[in-house]
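Please examine the sequence and the three-dimensional structure shown below before reading this report.

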Amino acid sequence: MLQWSLLSTLVWSPGSVLLILVLLHRLCMWPWHKSHLWDLQHCSTDLTGKTAVVTGANSGIGKAVSQELARRGARVILACRNWECGQQALAEIQVASKNNCLLLGQVDLSSMASIRSFSRWLLQECPEIHLLVNNAGTCGALQRAGSARVVNVSSFRHAHGYVDEEHLTGAGKPLIFNQNYDCSKLLLTSFTGELARRLQGTGVTVNSVDPGIVYTSIMRHFSWSYRFLFWLYSFFCKDVRQGAVPVLYLSLAKELDGISGKYFNSSCRIILPAKAAQDPQAAQRLWNATVQLTNLDKMD
């Protein structure tokens, strides 16, 4: 009995539990690595002379993507809401990538005034944009580049959302807990297909991708209990560099030249998105509502 008690104490000590969780994490991640079709390290794409814009670039996947693009020689514009955090990220990316051709732009994507101000600044600084990650608001600059890509970071959670154009104005059926996230990802995936259709023949491709379950700071505004649960779950998540790989695949892979309007899963495979995201009528209504809300129908 004493031996069993000592063994039980050893097995269920905090250190042992943590070790078990780490081992489980590795076991869970192993099939993903084995089934992954694209190796970032074997991609030879050189981005010297190219300009890329990445939103949310001060942390998480956006920062990891920005660093890899900069490492490959791109002039990267970091579009961030918080100027101080953006400055810190820019300095860190410069050191890691040995690339000084980075710019920081401040934009609050919840404010149309901020988006328009950022867009005017961006078009003055960069008349030609070759890659846009999660920001489809400057298509004119993309078209002038001749060949460009738009990559929208979606999520498998889009399958749990539903389309209600009234949500764009803060109206519609009230959303609870993570429905905001699910519905926004569904709208983004639907919008991707419609934008791709409208940009056919321009040389600009538009695709969306699910990076998988990635441990980032996305839960920072939740209560400590939710943050703690997410931390426990983090042992089964990808880290930000792993989560950036599917996004970088859509950004860099040469075999995707000309591929547009597709949805990629976290293993870099083209799959069909949720049924709601395949509805062309819903996508058309979403486009029309967006155009009216942004006054794009009154712009040249």
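## The model and its sheet

The structure is a predicted model. Its eight strands form an open sheet in the order β3-β2-β1-β4-β5-β6-β7-β8, and the pairing within this sheet is mixed. Strands β3 (102-106) and β8 (270-271) stand at the edges, each with a single partner strand, so one side of each lacks a neighbour in the sheet. Strands of a sheet pair through backbone hydrogen bonds, and they may do so in a parallel or an antiparallel sense.

Which sense of pairing joins β1 and β2 (residues 75-80)? These two strands pair in the parallel sense, over five bridges. Within the pair, Val 54 stands opposite Leu 78 in β2, and Ala 52 stands opposite Val 76 in β2. Elsewhere in the sheet, β6 and strand β7 (residues 263-264) also run parallel and are joined by two bridges. In that pair, Val 209 stands opposite Phe 264 in β7.

## Helix α9

Helix α9 covers residues 240-252 and contains 13 residues. From its first C-alpha to its last, α9 reaches 18 Å, which is close to the 18 Å expected at 1.5 Å a residue. The helix also has a bend of about 35 degrees, located at Pro 246.

How many of the residues of α9 are buried? The helix is mostly covered, with 11 of its 13 residues buried. Among them are Gln 242, Gly 243, Ala 244 and Val 245, and also Pro 246, where the helix bends.

## Cavities

Rolling a probe the size of a water molecule over the atoms shows where empty space is left. A search of the whole structure finds two cavities of 30 Å³ or more. The largest cavity has a volume of about 40 Å³.

Which residues line the largest cavity? The lining consists of Arg 149, Val 150, Val 151, Thr 205, Asn 207, Leu 250, Leu 256 and Ile 259. Strands β5 (148-153) and β6 (204-209) each supply at least two residues of the lining. The largest share, three residues, comes from β5. By class, the lining has five nonpolar, two polar and one charged residues.

## Residues in the loops

Two loop residues other than glycine have a positive phi. Lys 98 has a phi near 55 degrees and is placed in the loop between α4 (83-97) and β3. Cys 268 has a phi near 65 degrees and is placed in the loop between β7 and β8. Are these residues buried or exposed? Lys 98 counts as exposed because its relative accessibility is 74%, above the cut-off of 50%. Cys 268, by contrast, counts as buried because its relative accessibility is 5%, under the cut-off of 20%.

Two further loop residues illustrate separation along the chain and in space. Arg 157 has its place in the loop between β5 and α7 (179-198) and is partly exposed, with a relative accessible area of 23%. Arg 157 and Ser 184 are 27 residues apart in sequence, and their C-alpha atoms are 9.7 Å apart in space. Gln 200 lies in the loop between α7 and β6 and counts as exposed at 63% relative accessibility. Gln 200 and Gly 261 are 61 residues apart along the chain, with their C-alpha atoms separated by 9.6 Å.

How values were computed
Residues are numbered from 1 along each chain as its sequence is written. This is a predicted model: local features need pLDDT of at least 70, side-chain atom pairs count only at pLDDT 80 or more; totals for chains, interfaces and linings use all residues. Side-chain values use heavy atoms; hydrogens and water are left out. Helices (H or I, at least four residues) and strands (E, at least two) are DSSP runs, numbered from the N terminus. The expected span of a helix is 1.5 Å times one less than its number of residues. The bend at a residue is the angle between axes fitted to the seven residues ending there and the seven starting there. Buried means under 20% relative accessible area, exposed over 50%, partly exposed in between (1.4 Å probe, protein chains only). On a 1 Å grid over the protein atoms alone, a cavity is a set of points where a 1.4 Å probe fits but cannot get out, and a pocket is an open set with protein on both sides within 12 Å along at least five of seven lines; lining residues have an atom within 4 Å of a point. Grid points are joined across faces, edges and corners, and a volume is the space filled by probe spheres set on the points. Ala, Val, Leu, Ile, Met, Phe, Trp, Tyr, Cys and Pro count as nonpolar, Asp, Glu, Lys and Arg as charged, and the others, Gly among them, as polar. Two strands pair if DSSP finds at least two bridges between them.
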